[in-house]
Amino acid sequence: MTWSDYLPIWPLAITPALWIALTLVVAVLVGEALVRHLRLPRIVGYVGVGLLLGPHAFGLIPELPLTEWRLVIDLALGILLFELGSKVNLHWLKTNRWIAGASLLEAAATFFLVFALLVWMDTPGATAAVVAAILIATSPAIVVRTITESRAQGQVTDRLLLMTALNCIYAVILHKLTVAAMHGAAGTSALHTILQPLYLIGGSALLAWLFGFTFERIHHYLGHHEETFSFILFGMIAFATIMASTLKLSPVLVLLAAGLITRYHRQRPRTFPPHFGSAGAVLVVLMFIGNGLAGNLSGLRESFLLVWLLIGVRAVAKISSVLALAHHSGLSLRQGTALGVALMPMSSVTLLLTLETSATFPSFASGFGLTLMSCIVILELIGPILVQVSLRRAGETPETSQR
Amino acid sequence: MSLMPFASSRPLSMGVELELQLLSCNDYNLVSSAPDILRRVSKRAHPGEIKPEMTRSMIEINTSVQHEYSGLVNELHALRDVVSDAGRFLNIAVAGGGTHPFQHWSEQKIFDAPRFHYLSELYGYLAKQFTIFGQHVHVGCPGPDEALHLMHMLSRYIPHFIALSASSPFVQGHDTGFASARLNSVFSFPLSGRAPFVLRWEDFEKFFSKMTSTGVVESMKDFYWDIRPKPEFGTIEVRVCDTPLTVEIAAAIACYIQAMSRYIMVEQRIAPEEDDYLVYTFNRFQACRFGLEGVFIDPRTHEQRSIREDITDMLSRIADHARELRATEAMERIREILINGNGTTWLRKTYSREHNLGDVMQLQAELWMRA
């Protein structure tokens, strides 16, 4: 027998998983410190720690193949999207059409202003349209997580959830359409350009309906047993995500629509624990750390001005649209401003759309892909703070936490 | 500050104030949206008044001066519809009922107005605990001495009003066993209870100036009595009722008080005695705890009967007065409550069917907002 039979060999062979485990501990501690000392949202800590330790900064954690994170991100995002959908009351759009108007105006203004900016800067039309479509989306992950954390309730909170759900749907559909146009520009027949989005919307809606229907049956059968229920739900979300990818549908659209459909058809509203239980909450934290690790600010070097112009134009479009219709939709000026500002965050959905486009068009990956990645990192770090401050200024957070 | 002179009002005119709950349509918990609702209704023409209350999850609707049931119920319908429409526009449900079954007092936010901030400073958590919902009924009196007379005579029948309107069995997620748990929150205020036994307005003025000179009170508003005179309106104000689950019941209870006042002023004509108050707190407790099944002890004869029996008896005594006031339909509704039960009966029945207080609250809001 030799030493090496029972003692580890120096230097230690450490798997990346160990570092990730350690990062989880550090990130959660940093998140807590931010809350206690600076009253900042915890997400800033999760994303920030991931970013700092990740391959693009100090590089303490080696670059992980995205596939390893993919299940975590898909599952966590699936939970958050389904949660968002099930918090949104679509019936409201019938009694207050100004909200539907504000949502459409906000998305249209974002799309056209960004598109105009990029075309003015000599970007090809199809590429400009793809970027503009991606920038419509507000991050459901940051919005849901920050609202949960700040225990906000009120007009701005309700509308933020509704408008986030809607603009994610617009973004995913418009993204498919504009990518199809990009294909068209690259020379694909018109038939496929039309059929592809139809298949996407119809297929996603059908899968979402099946998910929602099954969910309701199981929920009815199991009742309020949290643990059993969350296990089944995670299984269903993983299944739906993989199924959607296999069928070349959009997992984002499927899970968001599933949440919306279950809420729309439900006679009695149901409240679920945040992220459907603590297991879901751990996944959500891991997702934000993962987003930080994947964060890439190298685009800032090449196109510093463009990154900030895109962020600025997007902000102007969203805030001014919401403000324009605030009065008619029953909001005060202060609430309208808060709502507009709270629509800023970008995170996982934008990231997924960007990565998807980059995978299809390598030239996009090295160009606008990097620009968008920089926008995402910036708005992932600032976004949660903007949402928290907006909700606080609108008077929708509990008074005790304002001390 | 001295008490303002007792204004003149048309005898037996009435006005109703109802405090309402504002609920989130997501979980039917209370939501601090009074400013949003008030901003919305301020654009619409409506009778009466719609006002803020202590915390931001409450609003109050006030009718104008009314004389009979049909006018009162019509105006309450109009007010209800304006508030309900504003609610639908803002994804907020509106409901009656004396308490919210599972709200937590610490989550309530004080409405941004000087008086509410002052009260919150003074009473501390009691102010937030005061997120409870009552019906106040004003009855017009020909003069100040008549007002004091009516106030003391009506005091005897306080259990009737409590038992008929009771709709607050649930507090902080549990059945309290009380028909009206709301009043328990009122009793924790130092100046709650009953008015002193004085029968002439000049004696009442003396009492009031003694109280103000001690610095304990500044105005009549600081007394949280079960019934109190309201000199600026020329009325007495009955304040013990829970907000009922529908406006029709609220109007019927107001008319029951009106008809009983007519009976006291026109027919009964006996003087109140201080000893009438010997059984006051016992009777009131019985009404809060057991509702219509509670024991009622007659202060003069010491006879014991159920509150339901005493109301049945009263209905036959005031029938002619109700007819004079064109309130026969209102008396029918009171009789229906005696048979089918009050709001608390409905709430307990609904809970035993739904097993979920959020669902009860949703149905309660649907009952209130029903067009």
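Residues are numbered from 1 along each chain as its sequence is written, and chains are lettered from A, ligands numbered from 1, in the order in which they are written. Because the model is predicted, local features need pLDDT of at least 70 and side-chain atom pairs count only at pLDDT 80 or more, while totals for chains, interfaces and linings use all residues.

Start with chain A. It has 19 helices and 0 strands. Both element types are DSSP runs, numbered from the N terminus: helices are H or I with at least four residues, strands are E with at least two. The radius of gyration of chain A is 21 Å, close to the 22 Å that the globule rule gives for 403 residues, so chain A is as compact as a globular protein of that length. The radius is taken over C-alpha atoms, and the rule is 2.2 Å times the number of residues to the power 0.38. Along the principal axes, the C-alpha atoms of chain A fill a box of roughly 80 × 50 × 45 Å.

Burial comes next. Of the 403 residues in chain A, 49% are buried. A residue is buried if 20 or more other C-beta atoms lie within 10 Å of its own, exposed if 12 or fewer, and partly exposed in between, with C-beta atoms placed from the backbone. Contacts use those atoms too: two residues are in contact if their C-beta atoms, placed from the backbone, lie within 7 Å. Among contacts in chain A between residues at least 6 apart in sequence, 80% join residues at least 24 apart.

Now look at helix α8 of chain A, residues 140-150. It is mostly covered, with 9 of its 11 residues buried. Among them are I142(A), V143(A), V144(A) and R145(A). Just after α8(A), R151(A) takes a positive phi of about 50°. R39(A) also has a positive phi, about 55°, although it is not a glycine. R39(A) sits in the loop between α2 (16-38) and α3 (42-53) of chain A. It counts as partly exposed because it has 14 C-beta neighbours inside 10 Å.

Two helices of chain A pack together. The axes of α6 (residues 97-120) and α7 (residues 125-134) come within 8 Å and cross at roughly 145°. Axes are lines fitted to C-alpha atoms, for helices over the stretch in contact, and angles run from 0 to 180 degrees between N-to-C directions. The α6(A)–α7(A) crossing is right-handed. A crossing is right-handed if the near helix is turned clockwise from the far one by less than a right angle, and left-handed if anticlockwise. On α6(A), F111(A), V114(A), F115(A), L118(A) and V119(A) take part; their partners on α7(A) include A128(A) and V131(A). The residues of this contact divide into 10 nonpolar, 1 polar and no charged. Here Ala, Val, Leu, Ile, Met, Phe, Trp, Tyr, Cys and Pro count as nonpolar, Asp, Glu, Lys and Arg as charged, and the others, Gly among them, as polar.

Move to chain B. L12(B), not a glycine, has a positive phi of about 70°. It lies in the segment before β1 (14-24) of chain B. L12(B) counts as buried because it has 21 C-beta neighbours inside 10 Å.

Finally, the two chains meet. The contact takes 21 residues from chain B and 17 residues from chain A. In chain B, α1 (34-41), α2 (69-89) and α14 (357-369) each supply at least two residues of the side that touches chain A. That side of chain B divides into 5 nonpolar, 8 polar and 8 charged residues.
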